[in-house]
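Here are my notes for you to read with the model open on your screen. Go through them in order and find each residue as you get to it.

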Amino acid sequence: MLVVMQAHATADQIHAVCTKIESLGYRPHSIPGAERTAIGITGNKGEVEPGTLDDMPGVQEVIRVTKPYKLVSRDMKEENTVVSFPGTDASFGGPGLAIVAGPCAIESREQAFAVAERVYGAGAQFFRGGAYKPRTSPYSFQGLGEEALQIMAGIRDRFGMKIITEAIDNESLELVEGYADVIQIGARNMQNFSLLKRAGRSKKPVLLKRGMSATLEEFLMAAEYVMSEGNYDVILCERGVRTFADHTRNTLDLSLIPAVQRLSHLPIVVDPSHGTGKRNKVTPLSRAAVAVGADGLLIEVHCEPDKALSDGMQSLYPDQFDDLMSQIRQIAPVVGRTVERIGERAMVGAFGRQQV
Ligand code: PEP
Ligand code: MN
């Protein structure tokens with residue numbers, strides 16, 4: 001159920017509707033839009049009787065949402081969500097593309113700072129690096145844990161880039177949210193519902209990766225879990241799905257981008273590193289991702305990929321990342337986007353993200 005308030009509804013009227021929803025035993029989610037505020041109703045007790053809210057002052061209409069997801073839906077919020085970072089003009093879903101880059105895992109201070117210097121120089125606004133690694137084998141490198149989080153905090157202090165890193169369980173999330181600017185939930189945890197709910201109670205934005213065999217609806221439902229707990233800053237990430245194809249590690253599903261944008265207001269970025277697993281395919285698919293309308297890219301970069309403790313095969317050399325960025329700078333304006341360094345004022349220009 002969704003309560004659409006009139007354009008001129010007052011804050012008191014919105015508050016009264018929320019209080020009424022609470023008194024019925026449900027949870028109100030008031031999401032202001034450019035034109036009007038919509039209030040989503042969640043709770044698992046069944047349907048709210050629409051008549052109860054219909055006649056309240058300031059209410060325009062009460063809509064039954066037939067889709068299984070509510071808060072992620074464009075029915076709830078027509079315009080695109082922009083996840084922004086106070087004090088910077090970096091964002092996900094704004095006119096500027098969000099460029100996230102860094103090694104798969106933080107291996108040492110030297111390794112991490114060496115990559116950070118290069119990706120910052122090339123124009124990345126966000127630095128990524130795994131502190132907790134969800135590895136297929138328990139004998140593979142599992143990450144440096146809190147030490148890696150401290151190293152990344154040092155990178156933020158030195159370069160100003162915002163930090164994105166994965167939480168693999170409730171325990172690591174506790175630490176990650178203390179250090180990072182964005183909490184990543186990995187593909188393997190896309191349906192870890194208790195982790196999603198915990199991330200939903202965090203104050204930090206969440207970058208949610210698509211599970212490797214998740215349908216569009218399952219992906220959106222995972223985002224709904226986070227939002228249903230009150231965290232509306234969710235960034236989706238397409239990172240490839242398992243198919244029969246064996247020329248790549250995964251099959252990057254770029255058709256997901258316009259499909260998501262049609263149904264949801266949430267920003268969506270593309271990770272061609274995990275999406276292909278092969279270094280030589282990362283730049284071509286980054287070009288395609290920007291052309292298709294993605295809100296940003298997530299790219300693995302390593303100064304010595306041959307020695308990387310994880311995902312070396314798909315990590316770009318810093319020179320290749322420089323080249324990728326210069327190609328992206330050429331494509332971005334064609335689709336109405338800009339590529340700004342963190343701290344640079346966004347250029348005035350068309351904002352071309354389509355609402356299909
Ligand atoms: C990663 O970003 O390093 C990672 C493990 O990604 P995914 O969850 O997509 O496999
Ligand atoms: Mn990786």
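Predicted model: local features only at pLDDT ≥ 70, side-chain atom pairs only at ≥ 80, totals over all residues.

Where is D311 found?

1. D311 sits in the loop between β14 (296-300) and α11 (318-331). Take a look at its backbone: D311 has a positive phi of about 55°, although it is not a glycine.

2. What classes of residue does the lining have? Sorted out, there are nine charged, seven polar and three nonpolar residues.

3. A general idea first: rolling a probe the size of a water molecule over the atoms shows where empty space is left. For cavities of 30 Å³ or more, the count here comes to one. The largest cavity has a volume of about 40 Å³. Its lining is made of R128, G129, G130, K133, I164, T165, E166 and Q184. Strand β9 (residues 162-166) gives the largest share of that lining, three residues. By class, the lining of the largest cavity divides into four polar, three charged and one nonpolar.

4. **Helices α4 and α5.** Now for some helix packing. Helix α4 (residues 146-159) packs with α5 at an angle of about 15°, and their axes are 10 Å apart. Why call them roughly parallel? Angles under 35 degrees count as roughly parallel, so α4 and α5 are roughly parallel to each other. The crossing of α4 past α5 is right-handed. On the α4 side, E146, L149, Q150, A153 and R156 make the contact, and on the α5 side L175, V176 and Y179 do. Of the residues in the contact of α4 with α5, five are nonpolar, two are charged and one is polar.

5. **Helices α5 and α6.** Stay with α5 (residues 170-179) and look at how it packs with helix α6 (residues 193-200): the angle is about 25° and the axes are 10 Å apart. This pair is therefore roughly parallel as well. The crossing of α5 and α6 is right-handed. To find the contact, pick out N170, L173, E174 and E177 in α5, which meet S194, L195, R198 and A199 in α6. The residues of the contact of α5 with α6 come out as three nonpolar, three charged and two polar.

6. **Helices α6 and α7.** Is this pair roughly parallel or oblique? α6 packs with helix α7 (residues 216-228) at an angle of about 45°, with the axes 6 Å apart. That angle makes α6 oblique to α7. α6 passes α7 in a right-handed crossing. Here F193, L196, K197, A199 and G200 of α6 make the contact with A222, Y225 and V226 of α7. The residues of the contact of α6 with α7 divide into six nonpolar, one polar and one charged.

Definitions and conventions. Residues numbered from 1 in each chain as written. Chains lettered and ligands numbered in written order. Heavy atoms only, no water. Nonpolar A, V, L, I, M, F, W, Y, C, P; charged D, E, K, R; others polar. Axes fitted to C-alpha atoms, helices over the stretch in contact; angles between N-to-C directions. Helix = DSSP H or I, 4+ residues; strand = E, 2+ residues; numbered from the N terminus. Parallel < 35°, antiparallel > 145°, perpendicular 65-115°, else oblique. Left-handed = near helix turned anticlockwise from the far one by under 90°. Contact = heavy atoms within 4.5 Å. 1 Å grid on protein atoms, 1.4 Å probe; cavity = no way out; pocket = protein on both sides within 12 Å on 5 of 7 lines; lining within 4 Å. Points joined across faces, edges and corners; volume = space filled by probe spheres on them.
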